[in-house]
Amino acid sequence: MGFGTITQTEMQVAQALTMVTIAAWLAAGYLRGDTRRIRVAILVLYLIGVVAFVLYGLVR
């Protein structure tokens, strides 16, 4: 199995995913209600995105 390089566009997508996640994480602190549940949901969605990105990088 060979490991290819990640393109500039793919790297920018990964950075955008991280920035959006951080913004959502911080915004969840300002919402009224169950902040912990919202942050857990954000974390789960982020981890799914990271795993999908890594698998994409390995498969292509």
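The radius of gyration here is taken over C-alpha atoms, and the globule rule is 2.2 Å times the number of residues to the power 0.38. By that rule a compact globule of 60 residues would come in near 10 Å, but the protein chain has 14 Å.

Some ground rules: this is a predicted model, where local features need pLDDT of at least 70, side-chain atom pairs count only at pLDDT 80 or more, and totals for chains, interfaces and linings use all residues. Residues are numbered from 1 along each chain as its sequence is written, and side-chain values use heavy atoms, with hydrogens and water left out.

Start with the whole chain in cartoon. You'll find two helices and zero strands (DSSP runs numbered from the N terminus: helices are H or I, at least four residues; strands are E, at least two). Along the principal axes, the C-alpha atoms fill a box of roughly 45 × 20 × 10 Å.

Next, select Glu10, in helix H1 (residues 8-28). Buried or exposed? Glu10 counts as buried, at 11% relative accessibility (buried is under 20% relative accessible area, exposed over 50%, partly exposed in between, with a 1.4 Å probe and protein chains only). Show its neighbours too: leaving out residues up to four places away in sequence, Glu10 touches Thr5, Phe53, Tyr56 and Arg60 (contact means heavy atoms within 4.5 Å). Across the 60 residues of the chain, 8% count as buried.

Last stop: Leu58, in helix H2. Leu58 is partly exposed, with a relative accessible area of 33%.
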